[in-house]
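Please walk through this protein with me, one part at a time. An explanation in plain terms is what is wanted.

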Amino acid sequence: TLRWGEVIPLTILKNESAAVQFPPIIVWSHPVRRYDDSVIMIPELLRMGKAIYHWFQSLPSIRVGVVISSDLSHTHLEDG
């Protein structure tokens, strides 16, 4: 299920570039477990970032756009 953090950037892209043919899109969102496991997740996220970097580097002559949404405003914990 897409959340606002994904829907808003995708909607803006669609509206701003209606005539452009987009390649397949990968949505990579903030995991919900970040609330309880944020420190534990650091090595995992670093490995994932390196794997994604190497995958992109292996794609010959393919342009890649990255849209990053930091929409955490609706997911703050009540205690701050």
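The model in view is a predicted one. Val 7 belongs to helix H1. Its C-alpha atom is 9.8 Å in space from that of Val 27, although 20 residues of sequence separate Val 7 and Val 27.

The protein as a whole can be described next. Its secondary structure consists of 2 helices and 0 strands. The chain has 80 residues, and 8% of the residues count as buried. Among contacts with a separation of 6 or more, 61% come from residues 24 or more positions apart.

The loop between the helices holds two residues to look at. Phe 22 is found in the loop between H1 and H2. With a relative accessible area of 36%, Phe 22 is partly exposed. Its C-alpha atom is separated by 10.0 Å from that of Gly 65, a residue 43 places away along the chain. Pro 23 also has its place in the loop between helix H1, residues 4-16, and H2. Pro 23 has a relative accessibility of 52%, so Pro 23 counts as exposed, the limit being over 50%. From Pro 23 to Arg 63 the sequence runs 40 residues, while their C-alpha atoms are 9.7 Å apart in space.

Now follow helix H2. H2 covers residues 34-57, which is 24 residues. What distance would a straight helix reach at 1.5 Å a residue, and how far apart are the end C-alpha atoms of H2? A straight helix would reach 34 Å, but the end C-alpha atoms of H2 are only 28 Å apart. H2 also has a kink of about 70° at Ile 40, shortly before the proline Pro 43.

The last topic is aromatic rings. A pair of aromatic rings is described by the distance of the centres and the angle of the planes. In this protein the count comes to 1 aromatic pair. The pair is made by Trp 55 and Phe 56, whose ring centres are 5.2 Å apart. Their planes meet at 45°, so the pair is tilted: stacked planes would be under 30 degrees apart, and edge-to-face planes over 60. Are the two residues buried or exposed, or in between? Trp 55 is partly exposed, at 43% relative accessibility. Phe 56 has a relative accessible area of 28%, and Phe 56 is partly exposed as well.

Definitions and conventions. Residues numbered from 1 in each chain as written. Predicted model: local features only at pLDDT ≥ 70, side-chain atom pairs only at ≥ 80, totals over all residues. Heavy atoms only, no water. Helix = DSSP H or I, 4+ residues; strand = E, 2+ residues; numbered from the N terminus. Expected span 1.5 Å × (residues − 1). Bend = angle between axes of the 7 residues up to and from the residue. Phe/Tyr/Trp six-rings, centres within 6.5 Å; stacked < 30°, edge-to-face > 60°. Buried < 20%, exposed > 50% of the residue type's maximum accessible area, 1.4 Å probe, protein only. Contact = heavy atoms within 4.5 Å.
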